[in-house]
Amino acid sequence: MSVGQVPYEWMSAIVTPIFKKGLSSDCSSYRSVSLCCAIQTIMEMIIMVEILTYLRKHNVISKEQHGFLSRRSAVSNLLETTNDWTVSLQNKHMITAIYIDYSKAFDVVSHPKLFHKLSAYGIGGNLLTWIRHLTGRTQNIHKSVILCPTLSS
């Protein structure tokens, strides 16, 4: 981290199926999970918490943000929104709602734009260099996934 580099071993994960429920012969009974180094996962969690703390402290993350935050989800957003709508309707106000699904947004995010944003918010130096290195990661598919093509999508 102090030199802004990611260890080579952290650059690859193994995708393997994990049984959820249902028939073990049914591919939809499994979900794919990327297995990677435990130290890497801990390091990424620490960095994520620190970046979130920094962004909240500097009011970059709105209190209306619900997705991708602990204890905030689509359910908490729906509960809060339903309450707001109820209050508005009781006060005879109009309501206009627009919902956009960004669930696959990370799959198509422009990394150069993301790095530019992080830099603009004051995240730089070795940390930003380290985050940039993470974009070169690869995944190897476990041999059992080949038997169930729906898991590799």
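Visitor: Where does K21 lie in this structure?

Guide: This is a predicted model. K21 lies in the loop between β1 (12-19) and β2 (30-35).

Visitor: Why is K21 called exposed?

Guide: Exposed means over 50% relative accessible area. K21 has 66% relative accessibility, so K21 counts as exposed.

Visitor: What separates the C-alpha atoms of K21 and R31?

Guide: A distance of 9.8 Å. Along the chain, K21 and R31 are 10 residues apart.

Visitor: What is the order of the strands in the open sheet?

Guide: The order is β2-β1-β3, and the pairing is mixed.

Visitor: What makes β2 and β3 edge strands?

Guide: Each has a single partner strand, so one side of β2 and one side of β3 (138-141) are left without a neighbour in the sheet. Neighbouring strands here are turned by 35° against each other on average, direction ignored.

Visitor: How do you know that β1 and β3 pair?

Guide: Pairing needs at least two bridges. β1 and β3 have 4 bridges, in the parallel sense.

Visitor: Why are α3 and α4 called roughly antiparallel?

Guide: Angles over 145 degrees count as roughly antiparallel. Helix α3 (residues 111-120) and helix α4 (residues 125-133) pack at about 165°, and therefore they are roughly antiparallel to each other. Their axes are 11 Å apart.

Visitor: Which residues of α3 and α4 meet?

Guide: F115, L118 and S119 in α3 meet L128, I131 and R132 in α4. By class, this contact has 4 nonpolar, 1 polar and 1 charged residues.

Definitions and conventions:
Residues are numbered from 1 along each chain as its sequence is written. This is a predicted model: local features need pLDDT of at least 70, side-chain atom pairs count only at pLDDT 80 or more; totals for chains, interfaces and linings use all residues. Side-chain values use heavy atoms; hydrogens and water are left out. Helices (H or I, at least four residues) and strands (E, at least two) are DSSP runs, numbered from the N terminus. Buried means under 20% relative accessible area, exposed over 50%, partly exposed in between (1.4 Å probe, protein chains only). Axes are lines fitted to C-alpha atoms, for helices over the stretch in contact, and angles run from 0 to 180 degrees between N-to-C directions. Angles under 35 degrees count as roughly parallel, over 145 as roughly antiparallel, 65 to 115 as roughly perpendicular and the rest as oblique. Contact means heavy atoms within 4.5 Å. Ala, Val, Leu, Ile, Met, Phe, Trp, Tyr, Cys and Pro count as nonpolar, Asp, Glu, Lys and Arg as charged, and the others, Gly among them, as polar.
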